[in-house]
Amino acid sequence: MGDEVEIKAVETLAEDRYPLRRYSFSHRRRDGARQDLRREVYAIGPSVVVLPLDPRRSTVLLTRQFRLPAQVNGDEPRLIEACAGNIEQGDDPTGTARKEAEEEMGCALRELREVFALYMSPGVTAEKLHFFIAEYEPGERSGEGGGLREEGEDIEVLELPLAEAWAMVGRGGIVDAKTVLPLQHLMLVRGPGASSPPPPAQP
Ligand SMILES: Nc1nc2c(ncn2[C@@H]2O[C@H](COP(=O)(O)OP(=O)(O)O[C@H]3O[C@H](CO)[C@@H](O)[C@H](O)[C@@H]3O)[C@@H](O)[C@H]2O)c(=O)[nH]1
Ligand SMILES: [Mg+2]
């Protein structure tokens with residue numbers, strides 16, 4: 001990078017859950033000219049996304065929770081999502097994936113495998129998401145899930161056949177990118193799996 005980017009000033013515009021910072025900087029354009037710019041960055045640290053799969057029945061565990069930005073947009077606000085959470089200082093991605101799966105879905109994870117780490121909105125936020133595929137057993141629950149009530153979480157747990165979850169993406173029933181990506185990954189690497197739907201089961 002060399003002298004391509006020079007940060008000149010950083011202001012914190014807001015600091016509640018995460019800091020919102022304004023950077024004044026100059027950078028070198030491809031034609032060699034220097035340009036001064038100001039950009040705001042929502043300084044969210046790394047997070048995890050975890051999609052648990054029962055490989056025998058080809059089902060996945062998902063969550064449903066209220067999301068204010070969808071409400072503000074006039075969309076259905078109770079979004080179906082893969083379990084996700086921010087990595088707290090001192091924690092690592094794998095530990096956070098296990099903790100979030102327990103808190104949000106009451107799910108004890110077996111095999112846990114990171115498949116990719118992606119920026120979801122790099123024009124706006126520094127947040128990078130570590131995506132995990134995990135395995136779970138339908139009978140093994142560590143708790144009720146639901147999230148942390150004291151933090152305002154009210155999370156419903158859904159168990160769906162992978163093929164049905166993927167069909168919902170096509171119908172617009174799943175509109176969250178961090179959920180579509182691991183579902184698509186599973187469809188690519190293993191296909192829909194079990195051909196007959198599993199019996200209804202509470203995860
Ligand atoms: N006080 C306060 N609390 C907040 C705010 N926003 C969220 N929270 C609380 O902070 C916790 C966030 O829970 P996580 O499980 O860590 O995050 P998430 O809401 O599931 O969102 C995850 O996915 C997003 C992508 O879709 C990510 O952008 C996000 O960083 C995180 O990884 C929840 O208890 C929520 O109520 C806020 O503005 N103020
Ligand atoms: Mg969460």
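This is a predicted model: local features need pLDDT of at least 70, side-chain atom pairs count only at pLDDT 80 or more; totals for chains, interfaces and linings use all residues.
The buried positions of H2 are Pro93, Thr96, Ala97, Glu100, Ala101, Glu103, Glu104 and Met105. The cover over these buried residues includes strands E4 (47-54), E5 (59-66), E7, E8 (112-119), E9 (128-135) and E10 (156-161). After H2 comes Gly106, with a positive phi near 60°.

Strand E4, which is included in the cover over the buried residues of H2, is itself mostly covered, eight of its eight residues being buried. Burial extends to both faces of the strand, with Ser47, Val49, Leu51 and Leu53 on one side and Val48, Val50, Pro52 and Asp54 on the other. Pairing of E4 with E9 is parallel and extends over seven bridges, and within this pairing Ser47 has Leu129 of E9 as its bridge partner. E4 and E7, by contrast, run antiparallel and are joined by four bridges, with Val50 partnered by Cys83 of E7. The pairing of E4 with E5 is also antiparallel and involves two bridges; here the bridge partner of Leu53 is Val60 in E5.

E4 and E5 form a hairpin with four residues between the strands, and Ser58 is located in this loop. Although Ser58 is not a glycine, its phi is positive, at about 55°. Most residues other than glycine have a negative phi. Ser58 is also classed as buried, because 21 C-beta neighbours lie inside 10 Å, where the cut-off for burial is 20 or more.

Turning to the ligand, 14 residues surround ligand 1, and the closest of them are Arg17, Ser47, Ala84, Gly85 and Glu151. Strand E7 (residues 83-86) makes the greatest contribution to this shell, supplying three residues. By residue class, the shell around ligand 1 consists of seven charged, four polar and three nonpolar residues. E7, in turn, both gives the most residues to the shell around ligand 1 and is joined to E4 through the four antiparallel bridges.

Terms used:
Residues are numbered from 1 along each chain as its sequence is written. Chains are lettered from A and ligands numbered from 1 in the order in which they are written. A residue is near a molecule or strand if its C-beta atom, placed from the backbone, lies within 6 Å of it. Ala, Val, Leu, Ile, Met, Phe, Trp, Tyr, Cys and Pro count as nonpolar, Asp, Glu, Lys and Arg as charged, and the others, Gly among them, as polar. A residue is buried if 20 or more other C-beta atoms lie within 10 Å of its own, exposed if 12 or fewer, and partly exposed in between; C-beta atoms are placed from the backbone. Two residues are in contact if their C-beta atoms, placed from the backbone, lie within 7 Å. Two strands pair if DSSP finds at least two bridges between them.
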